[in-house]
Amino acid sequence: MSRFAELLDRFFYRPDEDVGAFLELAPEVDTGPEVAPEEVPEEFLAFQLGDETYAVPIATVREILKVGDVTEVPRGAPNVIGLINVRGEMLPLYDVKVRLKLADAAPVVRSRADVARGARIVLIRDPEGDAGVLVDRVHGVVKLALSRLESAPNLGLERDAVAGLGRKDGNLYILIDLEQALS
Amino acid sequence: MAPPRALDEFVTEANEILESLAKDLFVLDQERGREPDPERLNAIFRAAHSLKGLSAMFGVDRVSRLAHRAEDVLDALRLGRVPLDDRLVDTLIETLDMLQALLARVSQGTHAPDLEVGADHLQERLAQLARGQADAGVDLLDQVGIDPQMRSVFTEYEEHRLRENVKKGVGLWKVRAVYSLADFDQQLAALNARLKPLGEVVSTLPSSQPGDESSIAFDLVFGSSRARGEIEAVLDGATLSPLTSRPAPTEVTPRPGPALVFDSSSSNAPRPATKWDDVSGSGVALPEPTSASGLRLSPDTSLRSLTQTVRVDIGRLDALMNSIGELLLIRSNINRLAEAARQVGTGVALPKLWGQELQREARALERKLDELQKGVLDVRMVPLGQVFDKLTRLMRRLVRESGKDVDFEVSGGDVELDKLIVEELSDPLMHLLRNSLDHGIEPPEVRRLHHKPQRGKIRLKARQQGNQVLIEVGDDGGGMDETRIRQVAVQRGLATEEQTREMSRRDLLNLVFLPGFSTRADVSELSGRGVGLDVVKTNLARLSGLIDIDSRRGDGTTFTLTLPLTLAIIRALMVGVSGRTYAVPLSSVMEIVSIRHADLRTVERREVFEVRGQTLPFVRLARVFKLAEAQRERSFVVLIGLAQQRIGLAVDELLGQEDIVTKPLGGRLRAIPGVSGATELGDRRAVLVLDVGALMEELTRPAAAAG
Amino acid sequence: MSTHKVLIVEDSRATRELLAAALGELDGVEVHLAVSGFEALKVLPRHRFELIITDINMPDINGLELINFVKKNPHYKETPLFVVTTEGRPQDRDRGLQLGASEYVVKPFEPADICALVRRYLKLG
């Protein structure tokens, strides 16, 4: 098994779910000539939110889940979609699209019927308590050299959750600081 | 600092050490006025010594320094250089409390700047106490002629014990025993037990002379005033020979023993060793508790621990193991049935026998799972005595410091509760007890004026009632002043004057639990701990517990805490509201009625309903949770709360009862008002568990009533 | 590679684990643990230990008694023995060394230091 496949296996492993699709979706990674030989590129998990592609450091990702039942939390914060049961752990599921100005209101999600087929929950590790983030699609792992990241352009929008931009093979990856995005 | 994992290990062990230290100090405290058992003193010394080494090893300097000072005092004490007096016992108990407080901070990973001053002060006091006079003069051991070879392996303490025996003029013996390598430890323990009534085993030395492959010889150094024959009678195969070559010099024999005199009087004059038993107790204000079970020292009792560890009776574990064994059996039966079904193939009807057998296995599975569940719950249960002992110790000290004359009665320490609950109870109970001492019990002159016995009474009582445990903290003091409560509540804007006039006595008393009832200034004066009764109430609510007050002017105040036996698994009523499902802990459900909406009335525009002549608030859960309401003619109303304080929670559907395990909401979601956690149902869906205490609080708050 | 068996005698569980973890990092070292002097007496005949590390202050027999036992016994007397204990009571330390202990290590120690000592005595690379 390649290191890449292993990595995916580690993060995508759910005995009761098929993960084959992710393996096919994952873009092939190479440490091509564009990266300085002494620099080891960092691994990021790339996913879709609306029309944009976002990425978070793979180390902050605990696992990726299919959307199952979501329990509504009464009187909860507006960005909380609900509560999910991750093998007995009761964790919050967050919407970040409103925070990123990609939507006007958090979606109402009660079960997988309420989301598109590709939608997934990215479970992130967080000192304040692990949390799920609803994304439209998971692309896979992308390697980006830290030295080549750009800082976020000032577009006059308040998007302080954006930590920077990365480019690879003609794709633009928006790196987000999930801790900021969830606050 | 050590990595977190190792720190856990440290906290667990340090805590065990403190627990054993607490037990021994507890006995020392109770036996003031009697000659302390040298073994107990040595055990206390060892505990301080181990704690010092352990905390130094793990870089926890604050604990290590204090333990070091305590060790110095204890070393001097066991070596007979300082006398054991009240001041020393008190200081040691304070040191224990401080060590526990420091350790608690370590386990929380927080710093303890607020404890620094107290710890420094204690260190200073311990250092002073340790400055006793050294035992100068001729070494008696040289005079009695003990084999220097043997002496070379004695620790300083063992030499001291030997010296003490020489001073007493008792005979010193060498007991040689040869035992099998396989069970020498049991054999030695048995021999020790037989020797102990006759004297003191000073040291146990594995013999340097090798035995054969399978046995080992030991030399026990034994001091005894008994005749040789008497000792030999209990040896059971071991041999006895004199240890000393010369008798002890005669002039030292009657010398008064300065070593372990329990100096409880103000006089420092040395007492003859033989008079120990005559020394009467000091004028400690607190008499021995009169209860039967409160202060019993069984091997199970210990203090509140900071760790997540539960010590389990091996019998309970065996029962669990048995259940699992039987479950495995059922599994193989089910596997066999599944295999049989597979071989029959699709489309063919299975024999009837197969169905019956499957049903039988399913029933057995259910039974065994119940057993397993009960077994696991059993393992979580610990006696309340764990907390009661600690509280007793603290109360004794507080009473002494307060200068009041108070009896402290404890009972029900043997009532068992879930470990989690017992751990969390210690702070709220302490707060209530301090409250009784500081504010309940009147000064002696006031008591005399009211023709009450001069000695006040504070009770801590626990008893089990069905699936609940009731704990009462009561005093026979002055009781609560309703007029004053009314004034304060109005002053602080917690209720209007009019509202307070209409309130029942009980509702009025319950105002003291409102956040904001006691200001910060009151709190520090009240309890010195920066928590008000509202915090006590919140802490209890987190344990699914309720608190109630009964107070009579002049007769005293009683707080009653009602707690579930366990938090791990509770029975809950599942209710449906606007298509959502919620769990209501059954322990707080009084009854369920069905109400026609046409029968609802309003009082001050709030909906109420009547049940058996009583008018109660009708609270639509859908509205509380801001859910869309469906039009309907009837609602089920779940009556929750205490006897007088009830509300009706209107729901759409009743979905039956379930045994649920409440889990905390992960990280960021911790504080959702009215929700105590979540549980998973059979289909793995998360279902919210209602926090009945918080909901009642929210829905009956006078401020809410006004708005 | 041959393994070197080391016996750790220590009644503090946390300290024991810490020592075991430190020594376990050394290649070719097999760590055995005894929680008391009595247990050490039981374990000693079962293995050929190349090094013994013992605490002094223990509940059943003290470390000095264990050293004396080891050093007087023809089977074990060649085995080097370290005493690890909380900051020295000079009398106990002197007796430990007199009885034949090779090294006297005072707690708190750095795991690296004790590893270095062990390496030296076991002649590890």
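## Where chain B meets chain A

The contact between chains B and A takes 19 residues from chain B and 20 residues from chain A. Two residues are in contact if their C-beta atoms, placed from the backbone, lie within 7 Å. This is a predicted model, in which local features need pLDDT of at least 70, side-chain atom pairs count only at pLDDT 80 or more, and totals for chains, interfaces and linings use all residues. Residues are numbered from 1 along each chain as its sequence is written, while chains are lettered from A and ligands numbered from 1 in the order in which they are written.

On the chain B side, the elements that give two or more residues are strand S23 (675-680) and strand S24 (686-690). Helices (H or I, at least four residues) and strands (E, at least two) are DSSP runs, numbered from the N terminus. S24(B) gives the most to this side, with three residues. By class, the chain B residues that touch chain A are 10 nonpolar, two polar and seven charged. Here Ala, Val, Leu, Ile, Met, Phe, Trp, Tyr, Cys and Pro count as nonpolar, Asp, Glu, Lys and Arg as charged, and the others, Gly among them, as polar.

## Where chain B meets chain C

Chain B also touches chain C: 26 residues of chain B are in contact with 31 residues of chain C. Three elements of chain B give two or more residues to this side: helix H1 (4-30), helix H2 (38-57) and strand S3 (199-206). H2(B) supplies the largest share, eight residues. The chain B residues on this side divide into 12 nonpolar, seven polar and seven charged.

## A helix pair in chain B

Helix H3 (residues 61-78) and helix H4 (residues 86-108) of chain B pack at an angle of about 165°, with their axes 10 Å apart. That makes H3(B) roughly antiparallel to H4(B). Axes are lines fitted to C-alpha atoms, for helices over the stretch in contact, and angles run from 0 to 180 degrees between N-to-C directions. Angles over 145 degrees count as roughly antiparallel, under 35 as roughly parallel, 65 to 115 as roughly perpendicular and the rest as oblique.

H3(B) contributes B:Arg62, B:Val63, B:Leu66, B:Ala67 and B:Ala70 to the contact. From H4(B) come B:Leu92, B:Thr95, B:Met98, B:Leu99, B:Leu102, B:Leu103 and B:Val106. By class, this contact has 10 nonpolar, one polar and one charged residues.

## A five-strand sheet in chain B

Chain B holds an open sheet of five strands, in the order S8-S10-S11-S13-S12, with mixed pairing. Two strands pair if DSSP finds at least two bridges between them. Strand S8 (406-411) and strand S12 (546-552) of chain B stand at the edges, each with a single partner strand, so one side of each has no neighbour in the sheet. Neighbouring strands are turned by 10° against each other on average, direction ignored.

Seven bridges join S12(B) to strand S13 (residues 556-564) of chain B in the antiparallel sense. B:Ser551 stands opposite B:Thr557 in S13(B). Helix H13 (residues 385-402) of chain B packs on the sheet, touching S8 and strand S10 (456-465) of chain B. The direction of H13(B) makes about 180° with that of S8(B).

## A covered helix in chain B

In helix H22 (residues 692-700) of chain B, B:Val692, B:Gly693, B:Leu695, B:Met696 and B:Glu697 are buried. A residue is buried if 20 or more other C-beta atoms lie within 10 Å of its own, exposed if 12 or fewer, and partly exposed in between; C-beta atoms are placed from the backbone. The cover over the buried residues of H22(B) includes helix H20 (533-542), S12 and S24 of chain B. Strands S15 (580-585), S20 (634-641) and S21 (646-651) of chain B are also among the covering elements.

## Chain A

Chain A comes to three helices and 10 strands. From the N terminus on, its elements run α-α-β-β-β-β-β-β-β-β-β-β-α. Of its 183 residues, 33% count as buried.

Six of the seven residues of strand S4 (residues 80-86) of chain A are buried, so S4(A) is largely enclosed by the rest of the structure. S4(A) pairs with strand S5 (residues 89-94) of chain A in the antiparallel sense over six bridges. A:Ile84 has A:Leu91 in S5(A) as its bridge partner. The hairpin of S4(A) and S5(A) has two residues between the strands, and A:Arg87 takes a positive phi near 45° there.

## Chain C

Chain C has five helices and five strands. Its elements run β-α-β-α-β-α-β-α-β-α from the N terminus on. Buried residues make up 40% of its 125 residues. Among contacts in chain C with a separation of 6 or more, 60% come from residues 24 or more positions apart.
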